[in-house]
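Dear colleague,

I am handing over the structure we spoke of, with the sequence alongside. Please have both open while you read the notes that follow.

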Amino acid sequence: MSVIDTQPAYRWIVVCASALILAIAMGAIVNGMSAFVVPMQEEFGWQRGDITLVNFAGIMGLAFGGLVWGRQADRRGTRPVVLFGAIVIALCYLLASYATTLWQYYLVFFVAGFFGAGAIFPPIMAAVGNWFAVGAGMAIGIASAGQALGQGAVPFISSVLIARLGISGAFSAIGFFMLLTLVPLALLLRQPPPLNNTSSSTIADDENMPVPPNVVITTMCVAIILCCTCMAVPLMHLVPLIQDSGISAIDAGSVIFTMLVVAIMGRLAFGILADKIGALQAYMTATLWMTVMVFGFTYIENLKWFYIYAVIYGFGYAGVMTGVLISIRVLIPPSRRAAAFGIITMFGWFGHAIGGYMGGALYDFSGNYTMAFAVAAITGVLNLVVVSTLFRKTRVRASLAAA
């Protein structure tokens with residue numbers, strides 16, 4: 001019996017701790033600023049495009065930081081790197097409570113992304129999968145679902161805090177909460193015991209991939225930057241869009257919270273779907289769902305219909321990242337999987353940053369969100385073209401290998 005089989009329970013502690021860490025940290029960096037856009041515009045008179053550059057700075061820091069801290073986690077272990085990231089991101093939110101100019105927010109959030117979230121996301125996603133010789137897809141899905149929960153909860157809670165404490169008070173409260181929660185959660189993380197039962201035949205089978213890894217990595221980088229640009233527009237701008245309809249900030253925040261609670265089920269459901277129909281097929285299905293529905297948000301003005309539409313959209317959109325993660329696992333051999341994960345997800349964060357900023361810039365240009373959500377839909381269509389091309393290549397290579 002291997003070492004990992006003697007500790008079946010602890011790996012689930014790692015999964016649960018990882019899900020909670022991702023919920024708090026990634027919810028704060030990826031779209032936590034969405035609740036601050038309108039309040040900052042009203043208080044400081046800044047343009048929405050300029051405000052969303054704060055989110056852009058944080059995600060760009062995450063994208064570049066992930067490449068650095070993923071390697072550090074391989075050398076030093078998951079726990080010390082994630083603990084460092086947890087402390088940094090909490091301190092950055094506390095510092096943000098003292099910021100008074102845009103450049104200060106840009107600097108603080110870039111540091112929060114590079115040294116904070118960048119030291120959390122790649123090490124955790126790699127560690128969760130490494131704890132499981134089998135069933136890694138479900139474990140990654142659960143951890144990823146935690147992130148979805150945070151991306152809904154953080155904007156909603158931030159809206160409540162802003163209403164009661166103001167902008168600075170909200171940043172300060174979130175920062176203290178991060179210190180009290182992320183640090184003890186990070187201390188629960190452990191390195192998985194080594195696996196010694198991998199056969200040489202399994203390694204040979206893994207290395208014999210249907211499409212060359214370099215082709216997969218290049219294609220997936222293009223695909224993920226497009227799909228993440230699409231999804232970032234509603235993630236960052238759905239709350240302001242709803243507020244523009246005369247709905248309160250707290251109600252607007254509750255809509256995206258509801259959407260991303262449903263997204264938890266969507267991430268798990270599309271993981272199961274990937275097992276049944278294939279990773280790329282599940283990825284394309286989720287992307288089609290998101291692309292068809294994203295522009296529809298601009299036609300809604302009633303809070304009830306925002307809830308209904310967001311629930312339907314959220315279930316399908318959530319499968320996109322699940323499809324990406326499983327596709328990487330299926331199409332990249334183990335010897336290159338960690339590096340591929342870091343590179344591909346870096347481009348995904350680029351897409352999130354671009355989509356978040358684009359939504360604000362196009363709003364400033366046109367005075368509404370119609371153009372922003374239309375461009376989001378177009379990027380979704382382009383992503384479908386790219387992924388379907390990769391899918392056809394895998395089918396052709398598989399057919400030739402079977403012949």
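Which helices each supply at least two residues of the lining of the second largest cavity? In this predicted model, they are helix H6 (121-130), H7 and helix H13 (319-331). The residues that line this second largest cavity are Phe121, Met125, Ser144, Gln147, Arg267, Met321, Leu325 and Trp349, and by class they comprise 5 nonpolar, 2 polar and 1 charged residues. Its volume comes to about 50 Å³.

That cavity belongs to a set, as the structure holds 5 cavities of 30 Å³ or more. The largest cavity contains about 80 Å³ of space, and of the 13 residues in its lining, Gln147, Cys228, Met321, Trp349 and His352 are the closest to its centre. Helix H7 (136-187), helix H9 (213-243) and helix H14 (334-366) each contribute at least two residues to the lining of the largest cavity, which by class has 7 nonpolar, 5 polar and 1 charged residues.

With best regards

Terms used. Residues are numbered from 1 along each chain as its sequence is written. This is a predicted model: local features need pLDDT of at least 70, side-chain atom pairs count only at pLDDT 80 or more; totals for chains, interfaces and linings use all residues. Side-chain values use heavy atoms; hydrogens and water are left out. On a 1 Å grid over the protein atoms alone, a cavity is a set of points where a 1.4 Å probe fits but cannot get out, and a pocket is an open set with protein on both sides within 12 Å along at least five of seven lines; lining residues have an atom within 4 Å of a point. Grid points are joined across faces, edges and corners, and a volume is the space filled by probe spheres set on the points. Helices (H or I, at least four residues) and strands (E, at least two) are DSSP runs, numbered from the N terminus. Ala, Val, Leu, Ile, Met, Phe, Trp, Tyr, Cys and Pro count as nonpolar, Asp, Glu, Lys and Arg as charged, and the others, Gly among them, as polar.
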